[in-house]
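Welcome! Here is a short briefing to read alongside the structure, taken one topic at a time.

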Amino acid sequence: MSSISFANIGSLVTNDETLGTGKIGELGGSGLQSAGMVIDNGRVTWVGNSADLPDADSRVDVGGQAIIPGFVDSHAHLMFAGDRAAEFSARMQGKPYSAGGIKTTVSATRAASDDELTANLRRLVAELHASGITTFETKSGYGLTVEDETRALRIAAAHTDETTFLGAHVVPAEFAERGQTGADEYVALVVGEMLAGAAEHAKWIDVFCDRGAFNLDQAREILTAGIAAGLAPRMHANQLENIGAIELAVELDCASADHCTHLSESDIELLAGSNTVATLLPGAEFSTRSPYPDARRLIDAGATVALATDCNPGSSYTTSMPFCIAVAVRDMGMSPDEALWSATAGGAAALRRKDVGHLGLGAAADFVILNAPSHQHLAYRPGVNLIGQTWRNGKPIEMQGHSHE
Ligand code: NIG
Ligand code: FE
């Protein structure tokens, strides 16, 4: 592969604190000089002032637009069929969201062929790329049988390294109708045969630990079994209610506790003193008309915060990271710099990845050329498509609906 230089970058966000000013390490943008970057063999090899740009095999003039690291979407549920637009409409008329809606998608997903699931995943991945996402995680969780969970993860693993076994999404109807006995049997299936089938294709294990889903004892049993099978833990915690899931997430050294909508002061302190990232999913609060989590309190306490889409057909059917950033800035107390960091470096931290989420030397050449002079425009111009070009592994991704010069 040959080297490519990028000249006249209006503002280059590296997330490298040793460069530029502040945590996001922004170069250029001050009016005096613009930034430059060189990539080679899928990696960042040089960043500095555009005036000092070294020679490369080819050169792209960015014309004063901004470059930011590709977004890292650390939480999505992309292995499903069908949609729940009717449920959304009813919710907007006042019907509350409940974990039970998951069962509608489980029926549609079980009925779908492998080809249908793959096509739906590909469609969503194209949307993620079009929104500037270059690394994404996806969970299973809408199959809930040994075969359906295994196939969801097998298909997902062909598209991303970040695959998560979420057999413990909800107790499926055929078990739930037998009450506590059925729930116990389902947990036994998850930690037994289902985990054995899923482990081959999954990197992570997750549990929806909340009202109407799995309780703390069940979550502990499932995550512990996953860890023993070689998977790393992460958790859906405190979305609908605070049932004590943050304590468990921190105790088990989960890479991430996701949602964090309802947090006590002690939860915030626990997260701040841990390696567990607080992943906030504003699309879910938007679409379930719930109060947003308080990112300001988490950041001020010293917790690491990530932003992710939670793309799923029930509670957050969006693939747009710029939308999540806009809401986080408008309604969750984040500054535009903090929101960008959380959607890039924060997401990487939630996946325990060091190679993505930044544009320091040696990082993956995964980045976005914005149709804007700075990342502040992502929140300042809500709903406007500012993703000019998404590059991954040093190459521009061809995007549907974008013209090719
Ligand atoms: O992250 N909270 C659990 N799972 C999804 C919602 C799933 C659904 O409603 O289909 C979420 O919001
Ligand atoms: Fe989720």
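Six strands form an open sheet with mixed pairing, and their order is 3-2-7-17-18-19. Strand 3 (26-28) and strand 19 (395-396) are at the edges with a single partner strand each, so one side of each has no neighbour in the sheet. Please keep in mind that this is a predicted model.

**Inside the sheet**

- Strand 17 (residues 367-370) pairs with strand 18 (residues 387-392) in the antiparallel sense, and four bridges join them.
- To find one of these links, look for L370, whose bridge partner in strand 18 is I387.

**Helix 3 with helix 4**

- Helix 3 covers residues 114-130 and helix 4 covers residues 146-157; they pack at an angle of about 45 degrees, and their axes are 10 Å apart.
- That angle makes helix 3 oblique to helix 4.
- The crossing of helix 3 past helix 4 is right-handed.
- On the helix 3 side, the contact is made by D114, L117, T118 and L121, while helix 4 contributes R151, A152, I155 and A156.
- Sorted by class, the residues of this contact between helix 3 and helix 4 are five nonpolar, one polar and two charged.

**Helix 12 with helix 13**

- From helix 12, the residues M321, C324, I325, A328 and V329 meet P336, A339, L340 and A343 of helix 13.
- The contact of helix 12 with helix 13 has nine nonpolar residues, with no polar and no charged ones.

**Around the ligand**

- Ligand 1 is surrounded by 14 residues.
- By class, the shell around ligand 1 consists of nine polar, four nonpolar and one charged residues.

Note on methods
Residues are numbered from 1 along each chain as its sequence is written. Chains are lettered from A and ligands numbered from 1 in the order in which they are written. This is a predicted model: local features need pLDDT of at least 70, side-chain atom pairs count only at pLDDT 80 or more; totals for chains, interfaces and linings use all residues. Axes are lines fitted to C-alpha atoms, for helices over the stretch in contact, and angles run from 0 to 180 degrees between N-to-C directions. Helices (H or I, at least four residues) and strands (E, at least two) are DSSP runs, numbered from the N terminus. Angles under 35 degrees count as roughly parallel, over 145 as roughly antiparallel, 65 to 115 as roughly perpendicular and the rest as oblique. A crossing is left-handed if the near helix is turned anticlockwise from the far one by less than a right angle, and right-handed if clockwise. Two residues are in contact if their C-beta atoms, placed from the backbone, lie within 7 Å. Ala, Val, Leu, Ile, Met, Phe, Trp, Tyr, Cys and Pro count as nonpolar, Asp, Glu, Lys and Arg as charged, and the others, Gly among them, as polar. A residue is near a molecule or strand if its C-beta atom, placed from the backbone, lies within 6 Å of it. Two strands pair if DSSP finds at least two bridges between them.
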